[in-house]
Protein chains: 2
Amino acid sequence: MTDNLIPVHGPTNPPADAAGPVRRMCQIIGLKPEKEAYYRELHADVWPGVLERLARSNIHNYSIFITEIAGKKYLVAYFEYGGTDLAADMQAIAADPETQRWWLETDPCQFPLPSAAPGEKWTGLECVFFMP
Amino acid sequence: MTDNLIPVHGPTNPPADAAGPVRRMCQIIGLKPEKEAYYRELHADVWPGVLERLARSNIHNYSIFITEIAGKKYLVAYFEYGGTDLAADMQAIAADPETQRWWLETDPCQFPLPSAAPGEKWTGLECVFFMP
């Protein structure tokens with residue numbers, strides 16, 4: 001899927017260990033068109049327990065957008081991670097019963113892309129530029 | 001291109017006039033694969049005059065990411081607009097000679113999607129969820 005170009009770092013694309021305490025993350029996943037209306041409805045009023053679990057896992061400034069590319073719908077997520085152990089914080093989300101119930105609603109709306117890492121739903125995007 | 005679903009607003013997707021003073025914007029555009037290496041090089045060290053003009057136009061927390069969907073490369077931009085006159089602030093960017101020189105380098109790297117608004121390069125994405 002990718003030609004694995006080598007990242008180019010510099011003043012406006014610092015390597016992760018020099019980018020400061022906040023990690024900016026962007027992810028993409030497919031959206032089933034027949035589920036778009038339900039997905040919008042769910043996300044206009046996300047369950048409080050789901051939001052609380054995200055915040056306790058150090059996720060903030062989280063937006064989800066919809067787009068259409070070549071006749072297919074996609075969701076693009078942007079969020080900021082301010083913790084120090086991303087894997088543990090993500091695991092705490094995955095182990096949360098309320099989040100598991102939430103995913104029973106949202107998973108059927110989505111289709112992962114072939115580029116998603118094994119065991120992941122969303123495909124992570126590589127950052128190439130940042131301006132504070 | 002779109003079926004124009006009606007936006008659903010609620011506590012986690014407030015209408016724009018209730019979303020506070022910062023507007024979170026996400027945009028997408030195609031990236032020509034033969035120009036990806038040059039695009040990465042340019043964006044690792046964006047010209048200071050270009051960055052200054054963006055900041056003076058109230059654009060902050062600006063990231064650009066790369067992804068690949070169905071064999072094509074795309075750029076996804078996220079930024080926050082903190083001003084009160086987006087059209088005027090964008091016009092000031094477009095009128096800036098240094099930015100115009102910058103775009104002579106970046107425009108040939110990109111291909112606009114058919115969904116871009118007339119006269120626009122990037123396609124704007126609709127927000128469906130926000131958590132502070």
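Guide: A residue counts as buried when its relative accessible area is under 20%. Keep that cut-off in mind as we look at this predicted model.

Visitor: Why is A:Glu36 called buried?

Guide: The relative accessible area of A:Glu36 is 0%. Buried means under 20%, so A:Glu36 is buried.

Visitor: What makes A:Glu36 and A:Arg40 a salt bridge?

Guide: Their closest N and O atoms are 3.0 Å apart. The cut-off is a Lys or Arg side-chain nitrogen within 4 Å of an Asp or Glu carboxyl oxygen, so a pair that meets it is called a salt bridge. As for where they sit, A:Glu36 and A:Arg40 are four residues apart in helix 1 of chain A, which puts about one helical turn between them.

Visitor: How do you know whether A:Arg40 is buried or exposed?

Guide: A:Arg40 has 4% relative accessibility, so it counts as buried. A:Arg40 also meets B:Glu126 in a salt bridge, with 2.7 Å from N to O.

Visitor: Which residue of chain B forms a salt bridge with A:Glu126?

Guide: That is B:Arg40, with the closest N and O atoms 2.7 Å apart. This pair crosses between chains, from strand 6 of chain A to helix 1 of chain B.

Visitor: What does the salt bridge between B:Asp107 and B:Lys121 tie together?

Guide: The closest N and O atoms of B:Asp107 and B:Lys121 are 3.2 Å apart. B:Asp107 lies in the loop between helix 4 and strand 4 of chain B, and B:Lys121 in the loop between strand 4 and strand 5, so the pair ties together parts that are 14 residues apart in sequence. B:Asp107, at 32%, is partly exposed, and B:Lys121, at 27% relative accessibility, is partly exposed.

Visitor: What makes strand 2 of chain A and strand 6 of chain B a pair?

Guide: Two strands pair if there are at least two bridges between them. Five bridges join strand 2 of chain A to strand 6 of chain B, and the two run antiparallel. In strand 6 of chain B, B:Phe130 is the bridge partner of A:Ser63.

Visitor: How many residues of each chain are in contact?

Guide: 55 residues of chain A are in contact with 56 residues of chain B. The two chains bury about 4700 Å² between them, 63% of it on carbon and sulfur atoms.

Conventions: Residues are numbered from 1 along each chain as its sequence is written. Chains are lettered from A and ligands numbered from 1 in the order in which they are written. This is a predicted model: local features need pLDDT of at least 70, side-chain atom pairs count only at pLDDT 80 or more; totals for chains, interfaces and linings use all residues. Side-chain values use heavy atoms; hydrogens and water are left out. Contact means heavy atoms within 4.5 Å. Buried area is the accessible area (1.4 Å probe) that two parts lose on being put together, summed over both. Buried means under 20% relative accessible area, exposed over 50%, partly exposed in between (1.4 Å probe, protein chains only).
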